[in-house]
Amino acid sequence: MIFVEFLIKRILQGLVIVAITSFVIFTLLRVIPGDPVRLIVGGMAPDNVVEEVAAKMGLRDPILVQYGRYMGNLVTGDMGQSYLRPKSGMIATGGEYVDPTKSDMAEVWDLILERVPLTLQLAATALVFALLVSLPIGIAGGLRSEGWPARIAFGIQSLFVSIPNFWLAIILILFLSVKWHLIPALGYKGFAYVILPAIVLAVEISPFIIRTLTTSLAEVMQSYFIDEAKVRGLPRRRIVFGHALRNASVPLINLLGIQLSTLIGGVLVVEYIFDYPGLGHLTVVSVVGRDFPVIQGIAITISAVFVFINILVDLVAYMIDPRVEL
Amino acid sequence: MSTPILKVDNLTVAAGDNRIIDGVSFEVGNSEIYGIYGESGAGKTTLGRALANWLPAGVEQTGGKVLFAGHDLRTTGANRVTIGRDIAYIGAKPQSALDPTVPVGPQIVEKLLMVQPGLTRTEAKQRVMDLLHEVRIASPEERFYDYPTKYSGGMMQRAMIVDALCADPAVLIADDIIRPLDVTVAAQIVSILKDLCLKRKMAVIFLASSLLALRLVAGKVGVMHEGRLIEEQPVETLLTAPKTEYTKTAISHVPRIWSSNEFPEDRGRADDKPLMEVREVSRTYKVRKRGTFGQFNHVKAVQGVSFDIMPRENFGIVGESGCGKSTLTRLLTWLEKPDSGDIRLGGTSLANFSGRELLDKRREFQLLLQDPYNSLPPRVTVGRMIEEGLRLRGTPKAEMREKVKEAMVSVGLPTSIYDDLPNALSTGERQRISIARALVLDPKLLILDETLSALDQGEQSKLIDLFAKLQETKDLTYVFISHDLAMVRKVCNRIGAMYFGKMVEIGDNKSIFFEPKHDYTKALLSAAPTLDEKPFDAGELGFEPIQ
């Protein structure tokens, strides 16, 4: 079947993509300046201690050897252990020496699993917010592409696209949280904590949704079959919602697949600002601390999610429009 | 005739100050097929749309009335007459008439349920299914769930007939519905439509740009010219005794196949060697089999075709859509390479040329396409478009401009449009740009893939004259690939007939049209709509149109 063939092909492609991503991340981490061992053992430790620990951790082996070892563990489901985070949850710093080769460090896999649901929740809420705003504006703009709804759509998307996310985040925290005490802002203790960061992300992605929807809907509304639908006796509501939107949604769905990368980029900043304990937050902390295993684990997870969502996007597009090539 | 179901009274339609329909009046009764003849630009389509209360934005009814069973469509009738149920419309673009993302059957059912809310889904589906049977769509149970892109033009037009007739309309407006179809398919569609109309006592307004099509269906015919109905007569009387000069000219422009003894001039010379030799070329396409894993159907689009093209001749290739004409065009122009066989230009096989040599050789054989709207870039000036081929080959600027202007003059384009965009140009002018674009390269061979079929009769004859003139002055050779038999009869010295990828017969004009040997050639000729007496009737030869 065409579906099975498609799935097999895409999953194989996906594996290659994940392998390439992990290799690039793996190599770059070891090539760029910044030695994790120095951070682990502390600035005052003598050089021979640093070298000793590094050798023990295998960090002085050739990169290919290290990569081979890492991938070998990965296929058994082992992403390694964090250099910095003990199982207790405290972050090890240079001050107190924790031996990263010992088994009391947190498993990378557990760290990621713990945060993925929180980030997914944030991303999904942001997407829902973005769609709630963009769909009505985009549809109105697409249907009246010469009139004021299109101008409003254009105004809103220009405004949104020019707002820097960190600025908006600070403003929202300042007013909604600090001054008026309406919505909590920092950390995570329940769903209410998702709202503000989700708004910031939604503002970031909705201009693209509005733009794509207005142009593709306006284009579909020009097609002959929409015009002919009137004389065939279909009411306008049916023409717009049953046929025009259906056709206009294919570019939109493709866009959402690509938007995912914007979303991930946004999540990094936004989670850090709101101290939201998701994958983005973990990434930033791990990069600062040169926590190689965690960074690698996140990179692999994200590229796998990316591959999966894009397969899904192509399948949905195909189900809507059979002319889309699988 | 009983009381007319549709009465048009002094109808005037205008776009701003420009009157498109100017005081048109006529009546149509039940079971009557009323034909309206008009060239493109006469206002037919606007009239058709006005009758269905479906004028495009910016075009308005400024006077007169359209009465359906006594109700004015725009006032009292707006509530009583349902467009799609009481008045149905079929247009000339069947393949873009339905949503491409929804299967055909369900879309017709959707429409039926919208205009007749009382029906259940099952009843509606049953009715659509019955009608699909009635218009002779093969295995409608499977076809019902196929997407519009899986339908051929002829099948889609039949589906659109079902779509129009499923709600039992009292009036049907058919706007040039067979224009895009092959002759054999068109003949079928027309006879199906005629049967159904009589059976259902429907009134039909049949708008057409071909007198031949009207002769097949219509009772009374009105002739439309510049927005006015200039005469109205039963179709046979109209053809034999037209009242106006305009109609007389129109009839004289209808090409004849058999009632003329003239044959196109033979410009060949005794010592001519073939310009292009086509030897046993074949091309097979792999098409993925639906519902299988990695299996393919092999479609033999062109199979072992051989012929020669001689200098200064007009070689015609005829056949229905799907017979392999387009693939053969792509092979002749070396846009695609044949799987086997050989094409030689001036004695050398095209396969032997390197990329650089091929670019140079391509000057000698140029392709002209059918649709001058899609084949010209909309945001490039006319001059730049024509000079493109020269620029590609590094011609100096001054020489380029000179050559472009010369080509524009020779195809009859004013050089004043050199720096204009093509937006405002007519179909004929656009097609002249295509010709000029080929001519600047000093080609020897022009391959015309349905190049004339987008044009109306008058413009077509002008271009045919232009081609003849260019042939004389520039020693050109033409290959006409066409389904228009009358045009081929008028222009081509030798003709090849294609059927299912094979060249079934090649002969000179006289032998193909007057003594065809292959049964398929006879079948094709007998389906051609014409005003002549046909020398043979091959209607029962049992050739199914390719779908």
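Two strands are taken to pair if DSSP finds at least two bridges between them. Strands themselves are DSSP runs of E with at least two residues, helices are runs of H or I with at least four, and both are numbered from the N terminus.

The model is predicted: local features need pLDDT of at least 70, side-chain atom pairs count only at pLDDT 80 or more, and totals for chains, interfaces and linings use all residues. Residues are numbered from 1 along each chain as its sequence is written, while chains are lettered from A and ligands numbered from 1 in the order in which they are written.

In chain B, B:Ala88 has B:Leu172 of β7(B) as its bridge partner. Strands β6(B) and β7(B) (residues 171-175) run parallel and are joined by four bridges. Strand β6(B) (residues 87-90) is covered on both faces. B:Ile87 and B:Tyr89 are buried on one side, B:Ala88 and B:Ile90 on the other. Buried denotes 20 or more other C-beta atoms within 10 Å of the residue's own, with C-beta atoms placed from the backbone. In a regular strand, side chains alternate between the two faces of the sheet.

Chain B is assigned domain 1 (6-97 + 169-253) and domain 2 (276-527); such bounds come from an automatic or database domain assignment. Over C-alpha atoms, the centres of these domains of chain B are separated by 34 Å. Eight residues of domain 1 of chain B contact eight of domain 2 of chain B (C-beta atoms, placed from the backbone, within 7 Å). Helix α7 (residues 183-199) of chain B gives the largest share of the domain 1 side, three residues.

Chain A has a mean pLDDT (the predictor's confidence in each residue, from 0 to 100) of 85, and 95% of its residues reach 70 or more.

Note on methods:
Buried ≥ 20, exposed ≤ 12 C-beta atoms within 10 Å, placed from the backbone. Contact = placed C-beta atoms within 7 Å.
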